[in-house]
Amino acid sequence: MFGAIPGLIFGLVVAAIAFGVVEWRWPGRRGQKRLRRGLLTDLGWYAFTPTLGKAFTGIVVAVSVIALARIFGAGITAETLRAQTVRDTAISHQPLALQLIEFLLLADLAGYWQHRAFHRVGRLWRFHAVHHSSTDVDWLSSVRVHPLNDALASTAVATPLLLLGFSPAALAAYLPFLTLYAVMLHANVSWSFGPLRNVISSPAFHRWHHSAEAEALDKNFAGLLPAVDWIFGTLYFPKDKLATVFGVNGEQLPASFLGQLAYPFKRSKPLSEAAS
């Protein structure tokens, strides 16, 4: 665990330089400071999420998959997960290209519905609200994820894919890829990917998901494919403006890392009560 610290520091420096350049060159919200609100809090999440957070998520996913596999007789054990064993299933006999397409489509569909559930179910929302509490959204905001949010979301995506017969190795590659892609999606840049704006998720697309503006609330849940939002009526992606106002409406979250970690377990307070 502690051996990961040098890598985390190196990654932070490299990402800060790289994203510092692109956020300066193509800003999504002009005037946003580098030493912004919530920076220290996000540095706390940066130290926690890739280490203790991911370890917790891995345990929850593995236990859930093994338990459900036993119920449904899918033959997935701790040993097969560790060895990333490919089971003999109808899916494993398909061409690899077809498996990849199916995997990406099903993973994004499962990701869409778990994400939407976190917005619509009150108790789940309290965990996900931590991620939406950033009022200055940039690449580092992506690490502000409550461990129970990450564990439940990853389980909701991983379990059906593994039970269907997709390779654990594919999942092991997909989840880190999605995490790294999410870092880019939160960057304070104006990129919409031009002619591909409705084909693949971009920072301009995802930053509307974080917007506190009324017309953008509960929109753009997809991680990779905006078409999923279009199909289910949750797409909001205007061409003539960018998202500039962020945060959580109607509730006040703690500003500190430890406060946000404990927030979902405390009684919710309306803004009027919190301010009194």
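**Figure 1. Arg197 and the ring of Phe237.** The charged end of Arg197 sits over the ring of Phe237, 3.8 Å from its centre, where sitting over a ring requires NZ of Lys or CZ of Arg within 6 Å of the ring centre and within 35 degrees of the ring normal. Phe237 counts as buried because its relative accessibility is 13%; buried stands for under 20% relative accessible area, exposed for over 50%, and partly exposed for what lies in between (1.4 Å probe, protein chains only). This is a predicted model, in which local features need pLDDT of at least 70 and side-chain atom pairs count only at pLDDT 80 or more, whereas totals for chains, interfaces and linings use all residues. Residues are numbered from 1 along each chain as its sequence is written, and side-chain values use heavy atoms, with hydrogens and water left out.

**Figure 2. Aromatic pairs, with Phe127 and Phe265 as one of them.** Rings of Phe, Tyr and Trp (its six-membered ring) pair if their centres lie within 6.5 Å, with planes under 30 degrees apart called stacked, over 60 edge-to-face, and the rest tilted; by this rule the count comes to 15 aromatic pairs. Phe127 and Phe265 pair edge-to-face, at 5.5 Å centre to centre and with 80 degrees between the planes. The pair links distant parts of the chain, as Phe127 belongs to helix 5 (residues 122-132) and Phe265 to the loop between helix 10 (257-262) and helix 11 (271-275), 138 residues apart. Helices (H or I, at least four residues) and strands (E, at least two) are DSSP runs, numbered from the N terminus. Phe127 counts as buried because its relative accessibility is 7%, whereas Phe265, at 55%, counts as exposed.

**Figure 3. The pair of Phe205 and Phe237.** These two residues form an edge-to-face aromatic pair, 5.7 Å centre to centre with 70 degrees between the planes. Phe205 lies in helix 8 (residues 203-209) and Phe237 in the loop between helix 9 (226-231) and helix 10, so the pair ties together parts that are 32 residues apart in sequence. With a relative accessibility of 0%, Phe205 counts as buried.

Figure 4. Tyr112, Trp113, Phe221 and Phe232 are linked into a cluster by ring pairs. In a separate panel, the ring of Tyr263 has the charged end of Arg126 over it, 4.3 Å from the ring centre.

**Figure 5. The largest nonpolar core.** This core has 21 residues, and Ile76, Phe103 and Leu161 are those with the most contacts inside it; a nonpolar core is a set of buried Ala, Val, Leu, Ile, Met, Phe, Trp, Tyr and Cys residues joined through side-chain atoms within 4.5 Å. Helix 2 (39-72), helix 4 (96-120), helix 6 (147-164) and helix 7 (168-185) each supply at least two residues of this core, and the largest share, five residues, comes from helix 7. Leaving aside residues up to four places away in sequence, Phe103 touches Leu161, Phe166, Ala170, Leu171 and Tyr174, contact meaning heavy atoms within 4.5 Å.

**Figure 6. The second core and its setting in the chain.** A second, separate core of 20 residues includes Leu8, Trp45, Phe48 and Leu140. The chain around it has eleven helices and zero strands, and buried residues make up 46% of its 276 residues. Among contacts between residues at least 6 apart in sequence, 71% join residues at least 24 apart.
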